[in-house]
Amino acid sequence: MRYYAGACSALFAACLALTASVSAYAADAAAPAEPTPEEAAAAAVIADARAAINITAAWTRATPGNATNAAVYLRISNNGTEPERLIGVRAAMAERAEIHTGGAAMAAVEGLDVPAGETLAFAPNDNHIMLIDLRAPLLEGDSFLVQLEFEKGGSQTVAVPVGAANAMAPPLVSAGNAEDITSGATEEPADDSAPQ
Ligand SMILES: [Cu+2]
């Protein structure tokens, strides 16, 4: 019995030593990542800008026939005190994506301002995100991810449910589900293409 106890405590001591060296290693590895006060302040500014933006009511329509383009609608609210600007969009679902203004006479723009305290609406016959050269038809009931790039707050990913081909308003989806994906998403779409 004494023998076993001795072996156990020897093993325990070895384990402690190993734990200590792993901890020391982890501390060393983490040291270079410690942000400077300037970096921490810059990160806080980005985090604040990101938190100020709330993207809601995203939707699109099922593509009829062999249509290869689609328009995505949503609302971008800036609840912060600093102006923000949408500077890019992308979606793995399409070859490329653009920010468009206007309805039938639409035009691609480099970006759109989202003034502090205001909501920028993307809706039929108005601003929209144009998906160009869809990789597959959009089917009613499906959803996919679109990534929006902001000047100050970086990128945010939103789930876009697909409504009926003739829909004029967002399909009714589980609000909880959509909200989870919208507010918590930090992951990038699988596609690696550059923002348009
Ligand atoms: Cu368009």
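This is a predicted model: local features need pLDDT of at least 70, side-chain atom pairs count only at pLDDT 80 or more; totals for chains, interfaces and linings use all residues.
Visitor: Where do I start, and which elements does the protein have, in what order?

Guide: Start with the inventory. The protein has three helices and ten strands. From the N terminus, the order is α-α-β-β-β-β-β-β-β-β-β-β-α.

Visitor: How much confidence does the predictor give, on average and by residue?

Guide: The mean pLDDT is 82, and 71% of the residues score at least 70. Residues 1-24 stay under 50, and the model gives them zero contacts beyond four places in sequence. Residues 175-196 are also below 50. That stretch has 28 contacts beyond near neighbours in sequence.

Visitor: What share of contacts joins residues at least 24 apart?

Guide: Take the contacts between residues at least 6 apart in sequence. In this protein, 71% of them join residues at least 24 apart.

Visitor: How do I read a helix such as α2, and how far does it reach?

Guide: Compare its span with the expected one. Helix α2 covers residues 37-52, 16 residues in total. From first C-alpha to last it reaches 22 Å, close to the 22 Å expected at 1.5 Å a residue.

Visitor: Why does α2 lie largely in the open?

Guide: Count its buried residues. Of the 16 residues in α2, one is buried, so the helix lies largely in the open. Across the protein, 23% of the 196 residues count as buried.

Visitor: Which strands does β3 pair with, and in which direction do they run?

Guide: Read the bridges. Strand β3, residues 84-90, is joined to β6, residues 112-114, by three bridges, and the two run antiparallel. R85 stands opposite D113 in β6. Four bridges join β3 to β9, residues 143-150, again antiparallel. There, L86 stands opposite F150.

Visitor: V114 lies in β6. Why does V114 count as buried?

Guide: Burial is a neighbour count, and the cut-off is 20 or more. V114 has 22 C-beta neighbours inside 10 Å, so V114 counts as buried. Leaving aside neighbours within four places in sequence, V114 is in contact with I76, N78, E84, R85, L86 and L120. Its C-alpha is 9.3 Å from that of E82, 32 residues away along the chain.

Visitor: What makes up the largest nonpolar core?

Guide: In soluble globular proteins, nonpolar side chains tend to be buried together. Here the largest core has 31 residues. Those with the most contacts inside it are V72, L74, A91, I129, L131 and V146. Strands β1, β2, β3, β4, β8, β9 and β10 each supply at least two residues. The largest share, six residues, comes from β2.

Key. Residues are numbered from 1 along each chain as its sequence is written. A residue is buried if 20 or more other C-beta atoms lie within 10 Å of its own, exposed if 12 or fewer, and partly exposed in between; C-beta atoms are placed from the backbone. Two residues are in contact if their C-beta atoms, placed from the backbone, lie within 7 Å. The expected span of a helix is 1.5 Å times one less than its number of residues. Two strands pair if DSSP finds at least two bridges between them. pLDDT is the predictor's confidence in each residue, from 0 to 100. A nonpolar core is a set of buried Ala, Val, Leu, Ile, Met, Phe, Trp, Tyr and Cys residues joined through C-beta atoms within 7 Å.
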